[in-house]
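My notes follow in the order in which I made them.

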Amino acid sequence: MKTAGWILAIITIAVVIFFFVLPDSVSIDEAAIERLQRQADQQAGRVDSPRGASDDRTPLPPNDMVVALVDDGDYWFIGKYEDGGGVEIPFPPGRRPEPPADEPPQHANPGYVGPQSCQECHPQYYQSFQSTAHYRTTRPCSPETIDGSFVEGQNVLRTKEPNLAFEMLRRDDQFFQRVRFFDWHFEVPMQIITGSSKMAQTYLYWHGDGLYQHNVTHLTEGDKWINSPGYIDGDAAYARPVPARCLDCHMTYFDYRAPPNHYTPNSIIFGVTCERCHGPGEAHVQFHQQHPEQKDAHEIVLPSELSRQRQLDICGQCHAGSTRLRGEPFQFRPGDELTQYYTPPPEGSDAANSVHTSNQADRMAESECFRQSEMTCTDCHNPHENERGNMRLFSDKCLQCHQTESCHFTPPGGIDLADNCIDCHMPTRPTEDLRLRSIAGDVFPSLRDHFVRVDQQATDEFLQRHQSEATSSQ
Ligand code: HEC
Ligand code: HEC
Ligand code: HEC
Ligand code: HEC
Ligand code: HEC
Ligand code: HEC
Ligand code: HEC
């Protein structure tokens, strides 16, 4: 949430506490919460649904806490009169989030079949693709996929509020975040992972057909638990909806039931997979299953046959900064013009460089390499393989157009330019958009800047690193 949003939220909460809660909040019992919940249901036009009773894992808050329904019943606020910190949850206190019902999708699937359907005829692509960040960027939580320690002693995130802490728990093959707020506690299941773990994993959970984000993220660097990006330290925020645009960048397909965060769980195709770059594959699969003798491809898009701009537009769905959906998700098809489906951020605005992506498309377009050639993203990236961290391989891509000699820089002895053109000409820079707050200090993960240029500062840093590595290995 932007600062203005937070201020508004805090004012709303303060107003609600003042005018509505004070008289009511002296005794927080099941009946009072039932009453508030009914009021919320009526406001939202929902029918009464039976709710499970509270138990020892989700007790009711003690009587000295303030309980309020905020924003027309969108979420619950639980706090104390004089102490800082507070809890926001979309389900009633003393209850668990409701598991989603098994509802049929509301929209016809336009032909997305998922990467498994490609395996039979493209086994190598399917195999190598599974190690990519795109494939791994969203997955169900499981012992195999989840990072971070659930072992006692290493499973706690403390905050600047001494009375608010988070514990990460594992029971059999299920995972939970338990919030301890003074002498009250409750648990929220961790169900979906966002993030390939390159930088981090952020967790989502269902309440009905609504998807919400967890307060605690796992940071890969240093293997630690930390507040999710944009979250305030000292608050337990479990009512942040996961909007369609977020999943449009991190998933292949889902049935979108209603804004901002309502989805049909069994419609989801996890990961950013084949069909986001090649188009829905159903017709292609059917055709080739029925015509095994046919060796020419039908009903599928090969990006390299499109114009340069249309190729860039495919990646631009997710790598062109903070673009917004103009209408429903999944209307864009490879070959389409990006700006018909996504609104670009206003020129010169911060959003051009935000959504924690550093906007590779626009930064690359600043480069002389891009201006004076037909360069596209796939000149350097093979989307079907995990090439991360392989500086020699990326430098070979530079050398498809350049010669080592065209680098006018003469390095000190012991440095082979061809090992790593990248760190001097495309340095990484920490990004404010990815600020993660913690009592141990804020963290800003670094992203690779795609403006290829001569950068004296990056060169100095590179030489310094090289110097200290050489000294320490002596
Ligand atoms: C029943 C077999 C079959 C299945 C299943 C299949 N394909 Fe293909 N595909 C082919 C054949 C045959 C070709 C043409 C020969 C080639 O390029 O390998 C092809 C070619 C392609 C091409 C290159 C297109 C071109 O113009 O050269 C792409 C991209 C592609 N397939 C993507 C997919 C995706 C994505 C899936 C899964 C959704 C998939 N295929 C599933 C048989 C299949
Ligand atoms: C405009 C597209 C876009 C939107 C919207 C978006 N993301 Fe991302 N996200 C990305 C891209 C691209 C990266 C990778 C950044 C990189 O590697 O340069 C990323 C990275 C991440 C990571 C770190 C992954 C890693 O590398 O370990 C997490 C976690 C994440 N996003 C979660 C979210 C969540 C949660 C939302 C919605 C609340 C969201 N993102 C919205 C595009 C997007
Ligand atoms: C991030 C985008 C992206 C994803 C995801 C992706 N591809 Fe591709 N694919 C491309 C691009 C771009 C090309 C064109 C290659 C080039 O320009 O060098 C391509 C080419 C291909 C080709 C044709 C190769 C050739 O040289 O004729 C096949 C087949 C293919 N992809 C299959 C798949 C399958 C199967 C998956 C999923 C397992 C997949 N792709 C995932 C972007 C993608
Ligand atoms: C539907 C959204 C989407 C599309 C389309 C897309 N990407 Fe991505 N891409 C992402 C997200 C999200 C991540 C971050 C994954 C993560 O780390 O969790 C990512 C990560 C990457 C990475 C970093 C991989 C790594 O291991 O560090 C590269 C490189 C990349 N994308 C290139 C491309 C290229 C090239 C295209 C077009 C051919 C493309 N992407 C199309 C969403 C997308
Ligand atoms: C598709 C071809 C192509 C690729 C790939 C490519 N470049 Fe370039 N690059 C060019 C062209 C063309 C120019 C402009 C003419 C010149 O200076 O040689 C250029 C210019 C440059 C410049 C001078 C920039 C300036 O502002 O004057 C640098 C530095 C550079 N490239 C480095 C790299 C590095 C490092 C890589 C790999 C990460 C790379 N290039 C990949 C084509 C390419
Ligand atoms: C240690 C840092 C470093 C490495 C590694 C490095 N460069 Fe450079 N490069 C520089 C600096 C600094 C300059 C500017 C030199 C000058 O103008 O005196 C430069 C200049 C260039 C230029 C010419 C820019 C112009 O103004 O015309 C190109 C092209 C280039 N480098 C490409 C490469 C390629 C390709 C590689 C990898 C094979 C590479 N560089 C590796 C630091 C580096
Ligand atoms: C001139 C070569 C080149 C081109 C062209 C290029 N990239 Fe990259 N890209 C790189 C290099 C090098 C890295 C760093 C890879 C690594 O650290 O493993 C990178 C990293 C990335 C990452 C991960 C970011 C991070 O900070 O870890 C994403 C996402 C990405 N590229 C997307 C794109 C997209 C989208 C395009 C097209 C608009 C593109 N790239 C064009 C060279 C290129």
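**Ligand 4**

I started with threonine 137, where an N or O atom of the side chain is 2.7 Å from an oxygen atom of ligand 4. This is a polar contact, meaning a pair of N or O atoms within 3.5 Å; within protein, one must be able to donate a hydrogen and the other to accept it, and residues adjacent in sequence count only if both atoms are side-chain atoms. In the side chain of lysine 198, an N or O atom is 2.9 Å from an oxygen atom of ligand 4. For arginine 388, I found a polar side-chain atom 2.7 Å from an oxygen atom of ligand 4. Two or more residues of the shell around ligand 4 come from each of α5 (133–136), α6 (244–250) and α9. Helices (H or I, at least four residues) and strands (E, at least two) are DSSP runs, numbered from the N terminus.

Before going on, I noted how the entry was made. This is a predicted model, in which local features need pLDDT of at least 70 and side-chain atom pairs count only at pLDDT 80 or more, while totals for chains, interfaces and linings use all residues. Residues are numbered from 1 along each chain as its sequence is written, chains are lettered from A and ligands numbered from 1 in the order in which they are written, and side-chain values use heavy atoms, with hydrogens and water left out.

I then listed the surroundings of ligand 4: 19 residues, of which His134, Ser196, Cys315, Cys318 and His319 are the closest. A residue is counted as near a molecule or strand if one of its heavy atoms lies within 4 Å of it. Helix α9 gives the most to this shell, with 5 residues. By class, I read 7 nonpolar, 8 polar and 4 charged residues around ligand 4. Here Ala, Val, Leu, Ile, Met, Phe, Trp, Tyr, Cys and Pro count as nonpolar, Asp, Glu, Lys and Arg as charged, and the others, Gly among them, as polar.

Which protein atoms are donors of the iron atom of ligand 4? They are NE2 of His134 and NE2 of His319, lying 2.0 Å from the iron. Donors are N, O and S atoms within 2.8 Å of the metal (3.2 Å for Na, K and Ca), and sites may look incomplete since water is not among the atoms. Histidine 134 is in helix α5 and histidine 319 in helix α9, so the pair ties together parts that are 185 residues apart in sequence. The arrangement is octahedral because the 6 donor atoms subtend angles of 86 to 179 degrees around the iron atom of ligand 4. Six donors count as octahedral if opposite donors are over 155 degrees apart and all others between 65 and 115.

**Ligand 1**

I counted 17 residues around ligand 1, with Ser117, Cys118, Cys121, His122 and His284 coming nearest. Helix α8 supplies the largest share of this shell, 4 residues. The protein donors of the iron atom are His122 (NE2) and His284 (NE2), at 2.0 to 2.1 Å. Histidine 122 lies in the loop between α3 and α4 (123–129) and histidine 284 in helix α8, so this pair joins parts that are 162 residues apart in sequence.

Around ligand 5 I found 14 residues, and the closest are Cys369, Gln372, Cys398, Cys401 and His402. The shell of ligand 5 divides into 8 nonpolar, 4 polar and 2 charged residues.

At ligand 6, Cys407 (SG) and His425 (NE2) coordinate the iron atom at 2.1 to 2.3 Å. Cysteine 407 is in the loop between α12 and α13 and histidine 425 in helix α13, so the pair ties together parts that are 18 residues apart in sequence.

**Backbone details**

The peptide bond from proline 259 to proline 260 is cis, with omega near -5 degrees. Proline 260 is in the loop between β16 (251–258) and β17 (262–270). Aspartate 71 is not a glycine, yet has a positive phi of about 55 degrees. I located aspartate 71 in the loop between β1 (66–70) and β2 (75–79).

Technical notes
Tetrahedral: all angles 85-135°; square planar, octahedral: opposite > 155°, others 65-115°.
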